[in-house]
Each structure stands twice: as C-alpha cells, then as structure tokens.
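Please keep the sequence and the 3D view open while reading.

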Amino acid sequence: MLNRKEIKKNSKSRLKKHYKLFFLVMVLAALIGTSFTAPLDEWHFLLNNVKADGEPIGLSRISSIGTDEAYDVFKDIINGNIANGKIKTIERTKENQKNKKVIMGVELGYNRGVLAGAVNSITSGAWYITAYNAIKNLAGSPGIATSIFILLSLLLIALFYIFIEETFRVAMNRVYLEGQFYDVIHINKLVFILKVKKWINVSLGLLLKNIFMFLWIFTIVGPIIKFFSYSMVPYILAENPGVKPLQAIRLSKNMMKGHKWELFKFELSFIGWDLLGYITLGLTDIFFTYNYKECALAEYYAYVRACAKENAVEGCELLKDDYLFELAPLDVVIKAYEDIDDIEDELNEAVDVEYTGVKGFFANVFGVVLHYDENEKRHNDIVEKRAKLRIYRDEVNGLSYPSRLYPVHAKEKISKLETMHYLRRYSLESLIVVFFVLSIVGWLWEVSLHLVADGEFVNRGVNHGPWLPIYGSGVVLIVLVLNKFRDKPWLEFITAVVLCGVVEYFTSWLMEMTKGGVKWWDYTGYFLNINGRVCAEGLLVFGIGGICAVYLLVPLIDNLVRKINPTALTVACIVLIAAFAADTVYSQYYPNTGKGITDYDNAYVIEHNIDVGRVDRS
C-alpha cells in the first residue's frame with residue numbers, strides 16, 4: 001500500500017543529497033522546454049516592468065513558436081499578408097537597434113555580432129520571412145510556398161518537441177531514478193540514451209504515446225484516464241530504453257491498473273506547494289518544489305514497479321534493470337569488476353615522478369614541466385588509471401550505479417573520452433607550439449570571417465604578423481591557471497569564461513591607456529557587452545573554444561609535438577619566439593593601425609551614428 005509520507009520523506013532526503021545536480025538538470029530542462037517552464041510568464045511580467053534609464057526593459061516572452069512579435073509575423077505569413085509581416089520585422093529591428101538598454105554597464109543591445117543577429121532575427125520574426133522567401137524561390141508560387149511553409153513549420157515544431165523536449169525528459173528521469181538509491185551520480189547520465197544508441201527508439205515511443213493521447217481527446221473522459229494510464233512510459237524507457245514503443249505503452253497501462261486514482265491523489269497532495277509557487281512567482285517552484293516533485297515521482301515509479309513485479313503484471317519482465325533499485329550481489333559485482341584489483345596493483349607498483357622546489361611548484365600547480373620524457377609518460381598513465389579506478393571503486397562500493405551491469409550493454413564499451421587523456425602535464429615546448437598554433441588559427445579565423453562577409457582582406461590584430469596572441473595566450477592561460485579544475489568540465493567552463501573575460505577586459509583597457517586612447521576592439525552594439533570591452537558572444541566563444549581546446553585540441557597538438565625530434569622542436573620554438581618578439585617590439589613603436597583594425601570597426605559606428613566614446617576615426 002502506498003505510503004505518501006514515507007515517499008515524500010525519502011524524496012526530501014534525496015533532493016538534499018543531490019541538490020546541485022538536480023538543480024542543474026532542472027535549468028537545462030527549462031531552457032530546452034522539456035519542463036519547469038511555468039514561472040516564465042511571471043518573470044516575463046516582471047522583466048517588462050523593470051526599468052533601465054527610466055524605460056521598461058521590454059524583453060520578449062519566448063513561446064514554442066518564438067517571441068510574441070515573431071508569432072505575429074508567423075500569423076501574417078499563414079494568412080498571406082507577407083508584406084505586412086516584412087514591415088513588422090523591419091520596424092522591430094529598427095526598434096531594437098535604436099533602443100539601447102544598459103543596466104550596470106551591461107548593454108542589452110541588438111546591433112552587431114552573430115549572437116545579436118540571431119537574437120534580433122528571433123525576436124523580430126525575420127527568420128520566418130527569410131525561410132518563406134527561400135521556399136517561395138524554390139516553389140515559384142506564393143500559394144504553394146505558404147502551404148509548404150506551414151507544413152514544414154509544423155513538422156519542425158513536432159520533431160523538436162518529440163526528439164528533443166520529450167526525449168530529454170527520459171534522460172532526466174534516469175538521473176532522478178539513480179538519485180533515489182545512489183549517492184554519486186555522473187552528469188553524463190543525461191546522454192546515456194545516446195551512449196546506448198537508443199535515442200530514436202525512445203523518441204518513437206514518446207511519439208506513439210502522444211499520438212494515442214491526441215486521439216483520446218475526442219472522447220469525454222479518455223484524456224484524463226489515459227494521462228495517468230500512460231504516465232509510466234518515460235520511466236519505463238528511462239529504465240530500459242530498448243523497450244519497443246508499443247510494449248512500453250502496454251506495460252504502462254498494465255502497471256497503472258488500480259493505481260490511476262492513487263496517482264491522482266498523490267499529485268493532488270502537492271497543491272499546497274503549487275499555491276506557494278504562485279504566491280512567490282515561481283521562486284519556490286524553481287528552488288525546491290519542482291525537484292521535490294520529480295524525486296517523489298521517481299520514488300512512486302519504484303513503488304508501482306515493485307507492485308508490478310510482485311503481481312507478475314504482463315510485460316514486467318521488460319523491467320530488468322534491478323540494480324537501479326537495489327544493490328547488486330557482491331559476487332556479481334566482483335565478477336564484473338574483477339580487473340580493478342589488477343589496476344590497483346599496477347598503481348601500487350608504479351613509481352610516479354615527484355618534483356620538488358620550483359620545478360615541483362610548476363608541475364603540481366600549473367601542470368607544466370620542462371620536457372616530456374619517460375617520467376612524464378609514466379605519470380600520465382598513472383593519472384589515467386587513477387581516474388578510472390575512482391569511478392570503478394564508487395560503483396563497486398555501491399555509491400554509484402554499476403555501469404558494467406547495465407542490461408542494455410553486453411559488455412562495457414571503452415570510449416576515447418573515458419581515458420581521461422586530458423589529465424596530463426604539458427612540456428614547455430608543447431605549450432609554446434600550442435600558443436603559436438592557436439594564435440595563427442585565430443588570425444586565420446577572423447581574416448576568413450571578414451573575407452567572406454565583406455569580400456576584403458582584414459589584417460586583424462595589433463601586430464603585423466599572422467597571429468592573434470589573444471587566442472594562443474587565452475588557451476595557454478586556461479590550461480595553466482585552471483589546471484586544478486580540469487577533472488570537472490562544468491567548473492572548467494565557468495572559470496574559463498570568467499578568466500577570458502577578465503583578461504580581455506583589462507587587455508583592452510591597458511592597450512587603450514598605453515596607445516593614445518585608441519580602442520583596438522570595440523563591442524559596442526553587441527548583445528550583453530560591458531563598456532564595449534567584452535561581450536557575451538565573445539565570452540561564450542572563448543568559453544566553448546577553451547573547453548574544446550583543453551579537452552580535445554591541446555591534447556591532440558601535444559600528441560603530435562611528442563613525435564617531433566627534440567632538437568628540431570627546440571630550434572622551431574626558438575625561431576617562432578624570436579620572430580614574435582621582433583614583431584612585438586616593432587609593433588610597439590609602429591602598431592598595425594592600417595586597414596582592418598580601427599578603421600574597420602569605426603566605419604560601422606560612424607555609419608550608424610553610435611557613440612562609443614574615444615575611438616580613433618582617422
């Protein structure tokens with residue numbers, strides 16, 4: 001018999017234990033649109049009444065079809081009022097560019113940049129007009145274009161809803177299910193459906209469930225009854241994503257026989273928390289109630305599952321991931337992880353190199369050594385095995401779900417990402433090569449962008465050579481300064497964004513102070529910029545780029561560097577440093593202020609009459 005008090009008590013305990021992870025999952029689900037979106041209407045009201053410089057911020061509410069303004073354009077296209085829709089997008093775009101909002105130095109602008117262009121296109125509905133024009137050019141008829149546009153829009157919305165929003169709920173349920181029994185949960189559980197290659201199967205199962213629910217709306221009481229009858233489908237797929245769609249639906253119906261009214265009363269028991277959420281404009285929902293409910297529903301699924309097993313409900317043999325709800329027998333675990341003793345013995349016998357003094361300080365704090373040799377190769381192997389052993393020990397000791405016993409797998413699949421190859425120390429020569437490779441790549445990237453967009457060569461950077469040191473130095477700084485965070489990717493990303501933002505802001509300020517007041521880059525007009533020195537778009541690129549560099553690109557470069565003859569590598573590093581030093585000294589007295597530097601950005605601000613303070617307009 002259901003014991004609501006016991007389930008709720010356990011749910012609060014689970015939530016307290018995994019609060020940070022569950023909160024992160026909730027935020028991701030809200031951003032995707034899977035769940036937890038109810039407070040957005042209240043926030044929309046608040047944000048449109050918060051004033052900046054005496055004017056409302058006026059942020060647009062996001063719906064499944066876009067913003068309110070974009071939806072108006074969408075309706076104009078469907079109704080055949082294409083010209084009216086175009087006028088609305090132009091007016092909205094001009095309004096965005098004209099009404100610059102600044103809050104505590106942070107600009108909510110929509111004038112320049114890829115991110116600003118995307119935001120402006122979405123909020124104004126311009127992307128609907130662009131899509132319609134593309135279809136019309138292909139179809140050759142406005143009428144046919146409108147019909148195709150409507151069908152494609154509905155198809156894309158449906159595909160996103162089923163394959164992204166709904167399927168993420170199954171991944172989310174997996175996290176909550178593991179959290180009810182285990183103390184340690186890894187964030188990679190959110191992509192477990194991809195790892196077992198069952199994404200399509202899960203999506204089809206949810207699609208079939210939604211089709212059935214749609215058909216039941218043509219009956220009187222069908223939608224209410226079937227809502228509870230099909231409610232276990234996402235949990236069944238979370239436990240066993242290999243279950244066939246129709247089997248999952250039938251099993252959910254069989255499991256919920258005699259439990260539908262029970263579940264209704266169980267969910268109704270949260271009404272007090274729901275009312276508190278309305279009173280607090282969703283704050284209590286976000287910080288407590290939503291995750292509390294999800295934990296409780298995961299506990300409820302475990303209860304219904306146990307009842308189904310006890311009563312031998314038809315199809316319950318598909319619920320075969322028993323170790324989600326109970327500890328695996330010790331002998332089974334030992335057999336599955338019989339190699340970890342060998343790994344531990346190897347680690348105990350391995351002799352890791354220990355540096356002292358200045359060399360030890362740089363090796364331990366920044367993860368850098370003078371040369372890569374046999375000692376460093378041995379150290380990297382030891383670090384990799386230690387990381388794997390920690391995960392295996394958690395699983396053997398019952399702290400974490402035993403991934404090797406997951407019934408979908410015939411045996412554990414070892415991926416390159418599991419080798420933890422990024423937890424290495426880098427040689428000085430390797431870091432020098434990384435600096436120059438990424439500085440040159442950054443220069444090529446920016447030159448290519450302007451060459452494609454404007455059809456002209458733009459020599460980016462203060463120096464005259466083909467390198468942008470901000471790219472190379474940024475990545476090297478992330479590798480060195482954030483060495484201690486490398487085993488926590490989410491923390492590495494956050495600290496990378498902060499570090500790059502601080503470096504870029506003060507580099508801009510220092511160069512302006514020492515170069516006669518000239519701004520060498522200016523983000524005025526970019527979405528969420530701070531005094532034109534840094535912007536959200538740039539920091540996001542630096543953060544994502546930094547993560548890609550730390551976990552993929554830099555280890556790859558380091559692998560290649562290790563294959564180079566040591567003498568040739570040393571000579572190449574000396575030549576590169578000498579060339580860069582000469583360029584830097586020369587540029588100190590004769591900086592690159594030619595075409596593509598200050599005049600390129602200033603052409604824009606002059607054309608659009610933007611006040612950016614002291615800017616060289618010569």
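The side chains of Glu-239 and Arg-305 form a salt bridge, with 2.9 Å from N to O; the term stands for a side-chain nitrogen of Lys or Arg within 4 Å of a carboxyl oxygen of Asp or Glu. Glu-239 belongs to helix H12 (residues 233-239) and Arg-305 to helix H16, 66 residues apart, and the pair links distant parts of the chain. Helices here are DSSP runs of H or I with at least four residues, strands are runs of E with at least two, and both are numbered from the N terminus. Glu-239 counts as buried because its relative accessible area is 0%, and Arg-305 is buried because its value is 7%. Buried means under 20% relative accessible area, exposed means over 50%, and partly exposed lies in between (1.4 Å probe, protein chains only).

This is a predicted model, in which local features need pLDDT of at least 70 and side-chain atom pairs count only at pLDDT 80 or more, while totals for chains, interfaces and linings use all residues. Residues are numbered from 1 along each chain as its sequence is written, and side-chain values use heavy atoms, with hydrogens and water left out.

The structure holds 14 salt bridges. Side chains of opposite charge can pair when their charged atoms come close. Another bridge joins Glu-346 and Lys-385 at 2.5 Å. It links distant parts of the chain, with Glu-346 in helix H18 and Lys-385 in helix H20 (residues 374-396), 39 residues apart. Salt bridges that share partners also connect Arg-174, Glu-178 and Asp-321 into one network.

Helix H16 also contains Ala-296, which counts as buried because its relative accessibility is 0%. Apart from neighbours within four places in sequence, Ala-296 is in contact (heavy atoms within 4.5 Å) with Ile-7, Ser-11, Phe-266 and Phe-270. Gln-180 sits in the loop between helix H8 (142-179) and helix H9 (192-195) and is buried because its relative accessibility is 8%. With its neighbours within four places left aside, the contacts of Gln-180 are Arg-14, Ala-298, Glu-299, Ala-302 and Phe-325.

Two loop residues have a positive phi without being glycine. Lys-197, with a phi of about 60°, is in the loop between H9 and helix H10 (199-216). Ala-312, with a phi of about 50°, is in the loop between helix H16 (283-310) and H17. Lys-197 counts as exposed because its relative accessibility is 68%, and Ala-312 because its value is 58%.

What is found on the surface? Glu-338, Asp-342, Asp-345 and Glu-349 form a negative patch. Patches are made of residues with over 30% relative accessible area and no salt bridge, joining like charges within 9 Å and nonpolar side chains (Val, Leu, Ile, Met, Phe, Trp, Tyr) within 5 Å. Asp and Glu count as negative and Lys and Arg as positive, with His and the chain ends not counted. Glu-338 lies in the loop between helix H17 (330-336) and helix H18 (340-349).

Overall, the protein has 26 helices and 10 strands, and of its 618 residues, 45% count as buried.

How values were computed: Accessible areas come from the Shrake-Rupley method with a 1.4 Å probe; for residues, only the protein chains shown count as cover. The place of a charge is taken as NZ of Lys, CZ of Arg, CG of Asp or CD of Glu.
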